[in-house]
Amino acid sequence: PWAVLAGISGFSLTVAVMNRLSLSAIPGALLVCAMLAAVTVLERRPERKVPPMPAPAWDIPFRMLVATSIVLLVTTLSPYMGPTLSGLCSAFPAFICVMSAFSHKLCGPESVEQFEHGIIIGTFAFVAFFLVVSLSLPHCNVLTVYTLAIVSALAVNGCIMLRHTWKRRHH
């Protein structure tokens, strides 16, 4: 519970700071990538691999209910928050909070460390996706924009996965 509270507090602080900044797409993407890179250097690596455990029958429906409730709350409040704050709050890591808590309960802290590491490195693809959308939306049709964004995100994830595979084989 304390880790989730600390994470939500950190997210809220970041939203408050970013809501005051006015960064264009490229400086914003560079800032996010720099922060993600710093986190990958500072994060604690899981000491051992955790084997998957079967979840109880109520697990998935309950996760879906909690995550959906958070998304509905942000969506309901968005007309009152304005476009910038709504966009910042839409990134609330609802599924990360839910998945982390359940992973910790079912498989222990090492599973959460592995899960969080995957989220951190996977976020680089989100940066690529939104950067491409931001830069190409004024110039291309919607189908082209989102096709390019998806291809960019897949390319970033592919490069990261190749790097991790190469690193594991050579260390």
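A crossing of two helices is right-handed if the near helix is turned clockwise from the far one by less than a right angle. I kept this convention at hand while going through the structure, which is a predicted model.

**Entry 1. Overall layout**

I first looked up the secondary structure and found seven helices and zero strands. Along the sequence I read the pattern α-α-α-α-α-α-α. I then took the extent along the principal axes, where the C-alpha atoms fill a box of roughly 45 × 45 × 30 Å. Of the 171 residues in the protein, 27% are buried. I also looked up the sequence range of the contacts: among those between residues at least 6 apart in sequence, 71% join residues at least 24 apart.

**Entry 2. Helices H3 and H4**

I turned next to helix H3, residues 59-81, and helix H4, residues 83-90. Their axes come within 7 Å and cross at roughly 155°. Angles over 145 degrees count as roughly antiparallel, and H3 and H4 are therefore roughly antiparallel to each other. I noted their crossing as right-handed. On the H3 side, the contact is made by Val 74, Ser 78 and Met 81. On the H4 side, I listed Pro 83, Leu 85, Ser 86, Cys 89 and Ser 90.

**Entry 3. Helices H1 and H4**

What is the angle at which H1 and H4 pack? I found about 150°, with the axes 10 Å apart, for helix H1 (residues 2-20) against H4. That makes H1 roughly antiparallel to H4. The crossing of H1 and H4 is right-handed. From H1, the residues Phe 11, Val 15, Met 18 and Asn 19 meet Thr 84, Leu 85, Leu 88 and Cys 89 in H4. I noted that Leu 85 and Cys 89 of H4 are listed in the contact with H3 and in the contact with H1.

I then examined Thr 40, which lies in helix H2, residues 25-42. Is Thr 40 buried or exposed? Its relative accessible area is 18%, and the cut-off for burial is under 20%, so Thr 40 counts as buried. I found its side chain reaching the backbone oxygen of Ala 37 at 2.7 Å.

Val 39 also has its place in helix H2. With a relative accessible area of 37%, Val 39 is partly exposed. I looked up Val 39 together with Ile 121: the two are 82 residues apart in sequence, and their C-alpha atoms are 9.6 Å apart in space.

**Entry 4. Ser 103 in helix H5**

Ser 103 lies in helix H5, residues 94-107. At 13% relative accessibility, I recorded Ser 103 as buried. Leaving aside residues up to four places away in sequence, Ser 103 touches Gly 108, Ser 111 and Val 112.

**Entry 5. Cysteines**

How many disulfides are there? I applied the cut-off of 2.5 Å between cysteine sulfur atoms, and the count comes to zero. For Cys 33, the closest cysteine sulfur is that of Cys 159, at 13 Å, which is too far for a bond. Cys 33 is partly exposed, at 27% relative accessibility. I also recorded Cys 140 as partly exposed, at 32% relative accessibility.

Notes. Residues are numbered from 1 along each chain as its sequence is written. This is a predicted model: local features need pLDDT of at least 70, side-chain atom pairs count only at pLDDT 80 or more; totals for chains, interfaces and linings use all residues. Side-chain values use heavy atoms; hydrogens and water are left out. Buried means under 20% relative accessible area, exposed over 50%, partly exposed in between (1.4 Å probe, protein chains only). Helices (H or I, at least four residues) and strands (E, at least two) are DSSP runs, numbered from the N terminus. A polar contact is a pair of N or O atoms within 3.5 Å; within protein, one must be able to donate a hydrogen and the other to accept it, and residues adjacent in sequence count only if both atoms are side-chain atoms. Axes are lines fitted to C-alpha atoms, for helices over the stretch in contact, and angles run from 0 to 180 degrees between N-to-C directions. Angles under 35 degrees count as roughly parallel, over 145 as roughly antiparallel, 65 to 115 as roughly perpendicular and the rest as oblique. Contact means heavy atoms within 4.5 Å.
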